[in-house]
Amino acid sequence: MAKSGVLGYPRIGAQREWKKAIEAYWAGKLEEKELDRQLQDIRLGHLQKLKNKGIDFIPVGDFSMYDHVLDTAAMFGIVPKRFAAYNGGAVPKSVYFGIARGTKEAAASEMTKWFNTNYHYIVPELDGVMPELTENKPLLAYREAKQKLGIEGRPVLLGPLTFLKLSKGYAEQGIDAWLDRLLPLYVRVLQELEREGVPWLQIDEPILVTKLDTGDVRRLRTIYETFHSSAPRLKLMLQTYFESVEAYRDVIALPVHGIGLDLVHGLEDNLSAIRTIGFPADKALGAGVINGRGIWKETLHIKKALLDELSTLVPPEQLIVQTSCSLLHVPISVQGETNLAPELRDALAFADEKLDELVLLARSVTGGGNGTDEDIQAYDSSALALSRSEARNRHAIRQAAAALAVQDPQRNRPYAERSVIQQAKWRLPSFPTTSIGSFPQTPEIRKARQLWRKGEWTGEQYSGFIRQQIEHWVRIQEEIGLDVFVHGEFERTDMVEFFGEKLAGFAFTQNGWVQSYGSRCVKPPIIYGDVAFQGAMTVGETQYAQSLTKHPVKGMLTGPITIMNWSFVREDIPREQIAYQLAYALRQEVEALEEAGIGMIQVDEPAVREGLPLKEAKQADYLAWAVRAFRLTTSSVKDETQIHTHMCYCDFHDMMDSIDAMDADVISIETSRSHGELIGSFEAKSNTYRKGIGLGVYDIHSPRVPTVEEMTDVIDRALRVLNPNLFWINPDCGLKTRGFEETVASLRNMVKAARVARDTY
Ligand code: GLN
Ligand code: ZN
C-alpha cells in the first residue's frame, strides 16, 4: 500500500463562503474578527474532509485570503514602498488587500497568470524592499491543524527559486543578491518547523518545469544544500507541477527527501527520465497521477499500471500517490450537480471525487488483492457511458472539421488584393473609428435579464427590451459619429457562456466555480461532446442593428481558441481537434451572418496566449493549430467581407508571426497596460505587418474620461511605427463594465481625436 497526498485544496468553500466573507469584509459589513472566524471555519472544514476521506498527506498553509504568492511576499515583509502605512512587522489586512486591489493612495501590484493556468497571482515587487520574516505561515497552519483537529498536516511553502523568479524588481541588484537576502529567512522558517517536530514540508518549485539556465541550477543546489544542512530532520518534498521537470538529473541529486513530479501534464518526459536515468532509492516519489486541473474521472486501471511500474523503482512506503498539482484549479464537488445528464455526471470528478480516486489508487498499489482490483474495474466502467453517448459520437462533424483543418483554409485572395476590394465597397474614411463590441451593461439591463430568467418576463418581452437597447445605441453611435458600428452585446453576460449555451456539446454546472484571481471566481462551461452548430446564434440582433443604419455593423463572435481556453474540455480527443470543431461551428455562424447581409465580422481571440504551452518546444505547434482554427472560422467569406479580430493585452513579442498568419483584415489590441512594448513588437514587424490595426487609444479599465489630447498622443506614438493608411481608432477593449455617461463622453472625444489625426496625416 502506498500513501496518498494532496498538494493543495480549493479555498473558496462549497458555496463560495470564502468569497462572500471576504467581499463582505471589504464592503465594511464584516468585522475583521468575524472574517477570521469564518475563514478558519472554512479552512478547518476542508482539512477535516481530507482527513475523513483518508488522505495521508494533508496540505496546510495553502489556504489564503487572496493569493499564495502574495502570502509569501507578506510573510517576508515584501510590501511596495508606496504603501506608506506599512512599517515592517506582520502585514495588516488593509495593506495586504491594498497590494492586491489598490487603495486610494497607492496602486495595486500587477497581477499575472500562474504558469499556464487561469489562476492569477500578485507579482511581488522587490524594488527597494528589505525583507524580514514577519510570521511563519506554514508553522501557524501546522499548529492550527494539529491543535484544532489533531491532524498532522504537511505544510506547503512556495520555494525561493520560484518566488524570486516570479517577482519583479530583482534585476538591478541581481537575483543572487536577493537570494542571499531571502535564504536566511527561509532557513528560519524551516528551522522553526523542524523544532516543532513537523515531519514533512512540501516546498513548491513549479519554476523547475520552465527553462532553467546554469545559474538557476547552481542556485537550486545552493538553496537545497543550505536547507538540508540547516534543518536536516525536516523532510522536504520538493514539488514540481504543470509540466515535466527540467534538469532532471540535477533535481534528483538534490539533498531532499522527496521529489514530486507531474505525471499527467509532464508524463511523457518525466516518465522517460525516470526510466532512463532512474529515481534515487533513498527518496520518496510524489507521483502526481491524478490530474489536479481536469474535471474528469481518471481511468484508474491505467494509473494503477503506471504506479505498479513506479513501485518497482521505489519501495512502496516511499511512493506517494498525489494530485498532479493543487486542486485549486477545479471545482469542489460533483455532488449537488443535479442538472447534468447522468452519463456526463458519472464521468466527472472534481476536487472531492479526486480524493476518493487517490485513496483507492494508493490502496491498490503493490499487489492489490484486497478487493481494489474489482473496485477499480467498477470505477472505470462507471464513466464509460459518456464515450458511447450520442454527444461524443457526432462522426460527421468530427470528420468535416478535421477535413477542413487539413486543407489549412485560406481567404480567397491575399490581404493586399482583398483590401482594395473592401475599400471600394466600404468607403471608410482614413482612421476609421469603431468600438470593440460591448456597450455598458447597465443595472437596467441586468435587471431585465433577471426578470426574464425568473420567468417574470416572457422571452418576447426580454428580446423586445434588448432591441430597444440596440436601437438606442445605434442612434448614439450615429450621433457620436463613429464609422463602424456594433450592436452592443446586451444579450450576453459572458462571451463564452453565450455561445456555449447555443452550441451542442457544452454543459453548464450549477456550482462549478474556481478561483480566477482574488475573490473573483469563474464557472467555466464544460465541453464534453463533439461541438455542433445548431442554428444562428447572433444573426437576429446583428441584423436588427444593421436594419437601423447605413453604417456597417460588425458581427461579434468569440473565437474558437478563446472558447476552448476558458472552458473545461474533454480529454478523450486532442485539444487541437476540439479547436477545429469549435471553429467549424463558428464558421457556420460567420457564413450565416454574411448571408444575412453582415459584411464585417469580428472574431475575438483574447485568450490565445493563455493556452500557450510552458515548454518552448511545444509552442510552435500550438500556435500553428490555433491560427489554423481561426482561419477555419473566418476564411470562407467573400473578398469584400472584412474580418476583424480583437485581443486584450498580452505579451505579443513572440507571437507576431502568428498574428500575421491569422490573416484578419483588421486587428484591435489593448495597449494601455503595455507601456509601449506592444508598439515595439509591431515596430520590429512593421516592414511585414501590413493589415488593418487598431491599437486601443484609451484605457477602458478606468471610469475617467480621456481627453482628446491624450488620445492624440497615443495615436501619434503609434504612427511613428505604423502606417497611417492602415490605422483604426478604437478603445482598448469592450465597454460593458463602464457607465453610460463616461462611455458616451469618451467615445465623443475619441471621434474628435480621429478628426485631428485625419487633419494631421
Ligand atoms: N467583444 C468583446 C467585448 O467587447 C471583447 C471582450 C474581450 O476582449 N475580452 O466585450
Ligand atoms: Zn479585450
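Leaving aside its neighbours within four places in sequence, with which residues is G437 in contact? They are V486, E489, M556, Q602 and G734, where contact means that the C-beta atoms, placed from the backbone, lie within 7 Å.

This is a predicted model, in which local features need pLDDT of at least 70 and side-chain atom pairs count only at pLDDT 80 or more, while totals for chains, interfaces and linings use all residues. Residues are numbered from 1 along each chain as its sequence is written, and chains are lettered from A and ligands numbered from 1 in the order in which they are written.

An unreviewed UniProt entry lists I436, G437, S438, E489 and D604 under "binding site"; such annotations may be inferred rather than shown by experiment. These residues span 169 residues in sequence, yet no two of their C-alpha atoms are more than 12.8 Å apart, so they gather at one spot.

Two of the listed positions are set out below.

With the same exclusion of sequence neighbours within four places, E489 is in contact with G437, S438, M556 and K736.

Ligand 1 is surrounded by 13 residues, and the closest are I436, G437, S438, P606 and G734; a residue is counted if its C-beta atom, placed from the backbone, lies within 6 Å. By class, this shell has 6 nonpolar, 4 polar and 3 charged residues, with Asp, Glu, Lys and Arg as charged, Ala, Val, Leu, Ile, Met, Phe, Trp, Tyr, Cys and Pro as nonpolar, and the others, Gly among them, as polar.

Terms used:
Two residues are in contact if their C-beta atoms, placed from the backbone, lie within 7 Å.
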